[in-house]
Amino acid sequence: MVTSRIDTDILILGSGGAGLFAALHACQAAPELSITVAVKGLLGKCGCTRMVQGGYNVALAKGDSIERHFMDTIEGGKWLPDQDLAWQLVTLAVERIRELENELGCFFDRNPDGSIHQKAFAGQTFDRTVHKGDLTGIEIINRLAEQVWARGIARLEEHRAVELIRTKDAAALSGVLFVDMRTGEYVFVRAKAVLLATGGGPTMYRYHTPSGDKSCDGLAMAWRAGLPLRDMEMVQFHPTGLLAGAHTRMTGTVLEEGLRGAGGHLLNGAKERFMSRYDPKAERATRDIVSRAMFAEIKKQNTSPHGGLYISMAHLGPERVAKEFKGMVERCADCGFDLAGGLVEVVPTAHYMMGGVEFAADCRTELPGLFVAGEDSGGVHGANRLGGNGVANSTVFGAVAGDTMAAWVRSEGALREPDSAAIESAVAICETPFKRRAAKSNLESLREKLFETMWERVGILRDGAGLEQALRELGSLNDELDRFALDGANRAFNLGWHDWMNLKNLAAVSRVITAAAIARKDSRGAHFRSDFPETGSLDESAFTSIRFDEVTMRPVTFTRVRPGQTLLKDAA
Ligand SMILES: Cc1cc2nc3c(=O)[nH]c(=O)nc-3n(C[C@H](O)[C@H](O)[C@H](O)COP(=O)(O)OP(=O)(O)OC[C@H]3O[C@@H](n4cnc5c(N)ncnc54)[C@H](O)[C@@H]3O)c2cc1C
């Protein structure tokens, strides 16, 4: 069934900040190697790095320091981050932003004196977010894509990775099985080193922000390959997703945090402010607190027409709002809302997965030949990600992965024969829906079930009984997907088929999230259990690590600083 086979030295899955940085660094470090970027969409046009609005955290300014950025990251992550990974993030972000500007040609906004402008983002003690207006991601991805196009880096666009294939003795990775989405044919790519950089993507929640091409494929593949995933219960919700009805993909997309930062008010269905009942910082509290408060208000049924709440900016002066938030005002106008002078319906929306594949600081995983970077990886952010640390993470670790893979391929990399039975079995699983008789349900109703389960029971507020119920519901959803029938006569851009594969992966990763959430019997950061509302001892912080269905709690090693301490000299 596999119709073509390709060999390459380095194979990169995904073309976001992590994938493209890895390609450029590997190419620079070892120009003699063949490098292939394989991506579900079109290179430079897909994934979430392109969607970055706010910007990129990096300690550049006088008065700021990498120690301060580090402490913000550790405290924001509620002492769960791997401290060596977080240190790597904050130190190498400085190099990456210089590279983006001086070698790759990004233009970031500047101060009148010519220095880089850095704005305030929630949860940080210094204004350190570098940006290009509110279209920072487009600037970064366009420049990265141009540089990749200019080099001899091979591209497999509209190629969907479906399974990691080990060697026959299972000791190492051999390569990756793909579906060429343009034909529906199976392609096997053998590689000496493979980077998983498919960007996570919590699109299993009713309201979500990530791009539609993301369905946790990389995480699902890693999980099926038996790799350990950490912190999977930690899913970040952004408080202000646009709520414009189920008919539009605009629903769920982010209205930026700066609106609340500038003094925007959140109102319930009765048009009353409510945030001060939940937190003294009211609308300026952190994302997790605001999202929980909003969810609680929504549960009281005091909602806007679409079942959410409102954001109101008019008291700041419609002209000022229109000037300062031009992009947001236009986005709202596209959906019939007047952000500058009226009310806009909003709802918390699933934004980012802090959890992912466990990895070392040089991006190796425990499977020889497999490396990971970006949102597919876990451990950098712990229980919460600071806004602006996401794109820093993908670019920093993408570059590290490129350097590491180049060195690894030169020293010990080899093309290894795949386990042909594993390829056949992966193909057979993809073929499942074509072997069934006509479907009784449709994919929309199954997607609705997934949304319902994850939003209601594994979302912003959780409890043990709801999580156990969710596990049962996800099990039967998976069974229904396995019984689902599709017409396979035309495989070219067979969107139903890809949707089915998306849902299979989302259901699998949803079970992982749920199992980890059951295991964590405290509340911290993005994870809140109403039956365990207290945060456990920070000194005894432990992270969840899940391999297949087994979850273990593993202690955090405080390699640089312990709870109650700080690296900031002036704070002593
Ligand atoms: C609306 C929005 C705004 C954001 N704003 C900010 C911000 O201001 N600051 C910040 O720091 N972070 C922000 N983030 C988060 C940030 O975008 C991500 O953390 C980061 O870009 C992830 O980079 P990545 O390379 O890991 O993944 P992505 O950039 O998402 O790239 C993933 C790639 O993998 C490909 N892929 C997926 N599945 C497969 C498959 N099966 N086979 C092959 N390819 C596959 C995708 O097509 C894509 O090319 C924002 C996110 C969103 C959604």
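This is a predicted model: local features need pLDDT of at least 70, side-chain atom pairs count only at pLDDT 80 or more; totals for chains, interfaces and linings use all residues.
Setting aside residues up to four places away in sequence, Lys 214 touches Cys 48, Thr 198, Gly 199, Gly 200, Gly 201, Thr 203 and Glu 375.

## Cysteines

A search of the whole structure finds zero disulfides. In general, a disulfide is a covalent bond between the sulfur atoms of two cysteines. For Cys 27, the closest cysteine sulfur belongs to Cys 106 and is 18 Å away, which is too far for a bond. Cys 27 is itself buried, with a relative accessible area of 16%.

Cys 216 is likewise in no disulfide, and the nearest cysteine sulfur, that of Cys 48, is 11 Å away. Cys 216 is buried, its relative accessible area being 1%.

## Strands and their pairing

Strand S7 (residues 159-166) is largely enclosed by the rest of the structure, because seven of its eight residues are buried. S7 pairs with strand S8 (residues 173-180) in the antiparallel sense, over seven bridges. Within this pairing, Leu 164 stands opposite Val 176 in S8. The hairpin of S7 and S8 has six residues between the strands, and Ala 170 in this hairpin takes a positive phi near 65°.

Elsewhere, three strands form an open sheet in the order S3-S5-S4, with antiparallel pairing. Its edge strands are S3 (56-57) and S4 (118-119), each of which pairs on one side only. S4 is joined by two bridges to strand S5 (residues 129-130), and the two run antiparallel. Lys 119 stands opposite Thr 129 in S5.

## Helix H13

Helix H13 (residues 464-483) contains 20 residues. From its first C-alpha to its last it reaches 29 Å, close to the 28 Å expected at 1.5 Å a residue. At the N-terminal end, Asp 463 caps H13: one of its side-chain oxygens lies 3.3 Å from the backbone nitrogen of Ala 465.

The buried residues of H13 are Gly 464, Gly 466, Leu 467, Ala 470, Leu 474, Gly 475, Leu 477, Asn 478 and Leu 481. An α-helix has 3.6 residues a turn, so residues three or four places apart point the same way. Helix H12 (443-457) and helix H14 (495-519) are included in what covers the buried residues of H13.

In soluble globular proteins, nonpolar side chains tend to be buried together. The largest nonpolar core here has 160 residues, of which Leu 13, Tyr 56, Tyr 205, Met 232, Leu 339 and Ile 513 touch the most other members. H14 supplies the largest share of this core, 14 residues. A second, separate core of 18 residues includes Met 71, Trp 79, Met 354 and Leu 568.

Which residues surround Leu 339, leaving aside its neighbours within four places in sequence? Leu 339 is in contact with Leu 259, Ile 311, Met 313, Val 321, Met 328, Val 329, Cys 332 and Val 344.

Terms used: Residues are numbered from 1 along each chain as its sequence is written. Side-chain values use heavy atoms; hydrogens and water are left out. Two strands pair if DSSP finds at least two bridges between them. Helices (H or I, at least four residues) and strands (E, at least two) are DSSP runs, numbered from the N terminus. The expected span of a helix is 1.5 Å times one less than its number of residues. Buried means under 20% relative accessible area, exposed over 50%, partly exposed in between (1.4 Å probe, protein chains only). Contact means heavy atoms within 4.5 Å. A polar contact is a pair of N or O atoms within 3.5 Å; within protein, one must be able to donate a hydrogen and the other to accept it, and residues adjacent in sequence count only if both atoms are side-chain atoms. A nonpolar core is a set of buried Ala, Val, Leu, Ile, Met, Phe, Trp, Tyr and Cys residues joined through side-chain atoms within 4.5 Å. A disulfide is a pair of cysteine sulfur atoms within 2.5 Å.
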